[in-house]
Amino acid sequence: NWQMLAIYMVLAANLSEQQALKQASPSCYASQLCNCSSMGFDFIPPGLTAKITVLNLAHNRIKRIQSQDLQQALNLRALLLQSNKISSIDEDSFQSLAKLELLDLSNNSLAHLSSLWFGHLFSLQHLHLQGNSYRDLGQSSPFSSLRNLSSLYLGNPWFSVIRQGNFEGIEQLHKLWIDGSNLSQYEQGSLKSIKEINHMIINIRNINVFSEIVRDLLHSVSWLEVTEIKLPVEKKSLVQNSTRPFRIQKLTFKEAFFTDQTISQAIVSLKEITSLKELEAINCVLAGKGIWNTEEIARSGQSFVETVTIKKIMIQNFHLFFDLEGMESQINELKRLTIASSNVFMVPCKLARHFSSLQYLDFHDNLLVNNRLNETICKGSWPSLQTLNLSQNSLKSLEQTAKYTSRLPKLNNLDISQNNFGEIPNVCEWPENLKYLNLSSTQIPKVTTCIPQTLEVLDVSANNLKEFGLELPFLKELYLTRNQLKTLPGAAPIPNLVALSVRRNKLNSFSKEAFEGAQVGTVHLSVTECHKSLVVPLICVLVFLLILLLVAVGYKYHMVWYLRMTWAWLQAKRKPKRAPPKDICYDAFVSYSENDSEWVENTMVRELEQACPPFRLCLHKRDFVPGKWIVDNIIDSIEKSHKTLFVLSEHFVRSEWCKYELDFSHFRLFDENNDAAILILLEPIQSNVIPKRFCKLRKIMNTRTYLEWPAGEEQQQMFWENLKGALKS
């Protein structure tokens, strides 16, 4: 009746949908991870089960999430729906996802957010909502039930309002990311409900909103990262009406824009944040010449910042930049300074002498040259410096570089790698306490007594050194990677060595003297490096085992047959698909087992070849060409026969030659789409008797009719009539 028909149609639809999912995303059924990204889905595919823990539907065309879509995915831990076209989500769509930990709805078309979506996501830790089209977060908090939330990503180019209560329910976050490039309204106290934020990143341009947000975050954020901001000129306190102690310790500016005026005001304002210990500026632009309001900066008191990192700052007309005279009082408490990839070519001696507490200085990837280094590291400069990085600059003289750094009394760690020294003198003057020296990639042709004997760590990698014979009594680590060494350095001159790296050299032998008095501890060498003489025999053994395995697999699965048949078939494909009528010599080629030869030769051949008119049959015993390869005989005989007659029996399915004849005939059937094969079932054959390699026989017997040899004489007469009719067709 119609009810049963309707039920059947529903079941069939469900099965077809599940099959479609299985075909589109086979991994969904193979494991707990279901990757259906970039597959053109317009909806969440059905058939999702409790087995799936990770579902990736990113980069599709899904527009709506409905109540039933995820109802059965009870164990889902991660749901990735970013970069779709989702504009509508049913209120209870995520109701069954109590175990969900990651939800990514970024870069969709959500015009509003609803707290009902997240009401049952008790385990949610990571929520991505950025890149949609909502303009605010609503009148209340959409996150009130997300007590375990760790990271939250919000905002878009249209996001303009943050209201009080929008973050109620969230007490602690590891990371908060807000795209507020067009944020124009912020109600004071909106972010105060979050008691602790380890790292907050905000893209913001409105300076008034920025100031309000900073005031609210002073007591909760440890690291604040601000992008694309243009700092103001006007004086405005960042800690207005805020009580100490503050929590913020690190402030990062990325892609920000500064002028001489704004950077002066920023220095003054940031001093009010007494907890601030680290400042960072990355990919920023400074439009000015260094004419800062140093008097006002000095009057504002001492800075509490201990670490300053500046990377890839672009100073317009940097060659006209002033020497920052007057900033001396602001730098004497600084402990770590990095200015990298910023075209630094000199630090005035007067300024350098006031870095009295600086312990770490990184000037890598700049424009320092030797004659300017004399000014940068003048006598009395950097008195507390312990670590200096001058790598990737334009230093040319190792002798001068060593001499200038010898002015640093406490220096013990020096990196001057990736400078083009080219030559190395025999004698150099170095800091008295130098322990670590990096001279890698400096084009020095050899090592001389210029290298200080106080070293504990020496890196001379990538210098094309051909030998190493220095006496370094305190050396513990030696790095000689990517040189041209043919022998190891002697052990006696470096008695305290505990780590040696000699990768990518030309070592071919080790002498006894190289290890005299030294015990080898941890050596990181591959098997091939340790046992080069065993590599070739090992490869030969592996190749032999692989060949043996392939032979065994081929024998088990009869691969030889398939290869032989395929080769012969490819040769046959080059010939005309069917022999011309004048080349047809036989009415039928007979394929049979030798065990059935008595019936074939004494019964069937006599009946057919003595008929009126007689039939011409091709038998392998009688008609094959002597001396010709049997495969070619089979192919030629089938091609020159009008029909192919298979006498099927249990003996037949055990014959490999019969299988070959059947395979080739089956190819011909498909090529010509005709009725060239006639099947005679000489005796009943049980399906479990037919070997798996006779898949063609199973297919033919299922798709074509066949003649059964009857036991009674009356039925036998009818059998002969049917067979003759088939041969004539």
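Is Leu500 buried, partly exposed or exposed? Leu500 counts as partly exposed, at 36% relative accessibility, where buried means under 20% relative accessible area, exposed means over 50% and partly exposed lies in between, with a 1.4 Å probe and protein chains only.

The views below come from a predicted model, in which local features need pLDDT of at least 70, side-chain atom pairs count only at pLDDT 80 or more, and totals for chains, interfaces and linings use all residues. Residues are numbered from 1 along each chain as its sequence is written, and side-chain values use heavy atoms, with hydrogens and water left out.

View 1. Leu500 is placed in strand β27, residues 499-501; helices (H or I, at least four residues) and strands (E, at least two) are DSSP runs, numbered from the N terminus. Between Leu500 and Leu480 there are 20 residues in sequence and 7.6 Å in space, taken from C-alpha to C-alpha.

**View 2. An open sheet of five strands.** The strands follow the order β29-β28-β30-β31-β32, with parallel pairing, and two strands pair if DSSP finds at least two bridges between them. Because β29 and β32 stand at the edges, each with a single partner strand, one side of each is left without a neighbour in the sheet. Strand β28 (residues 586-591) runs parallel to strand β30 (residues 641-648) and is joined to it by five bridges; Ala588 has Lys643, in β30, as its bridge partner. In general, strands of a sheet pair through backbone hydrogen bonds, either parallel or antiparallel.

View 3. The structure holds 14 aromatic pairs, where rings of Phe, Tyr and Trp (its six-membered ring) pair if their centres lie within 6.5 Å, and where planes under 30 degrees apart count as stacked, over 60 as edge-to-face and the rest as tilted. One of these pairs, Trp709 with Phe719, is edge-to-face, with 5.1 Å from centre to centre and 80 degrees between the planes. Trp709 lies in the loop between β32 (707-708) and α18 (713-728), while Phe719 lies in helix α18, so the pair ties together parts that are 10 residues apart in sequence. Phe719 is buried, at 4% relative accessibility. Elsewhere, one aromatic cluster is formed by Trp117, Phe118, Phe143 and Phe167. The charged end of Lys250 sits over the ring of Trp223, 3.9 Å from its centre, and Lys230 lies over the face of Phe257, at 5.6 Å from the ring centre; such a charge is counted if NZ of Lys or CZ of Arg is within 6 Å of the ring centre and within 35 degrees of the ring normal.

**View 4. Backbone features in three loops.** Asn283, in the loop between β16 (278-282) and β17 (285-287), has a positive phi of about 55 degrees although it is not a glycine, and Asn283 is partly exposed at 38% relative accessibility. Trp382, in the loop between α7 (370-376) and β22 (387-389), is likewise not a glycine and has a positive phi of about 45 degrees, but Trp382 is buried at 2% relative accessibility. The peptide bond that leads from Cys612 to Pro613 is cis, with omega near 0 degrees, and Pro613 is placed in the loop between α12 (597-609) and β29 (617-618).
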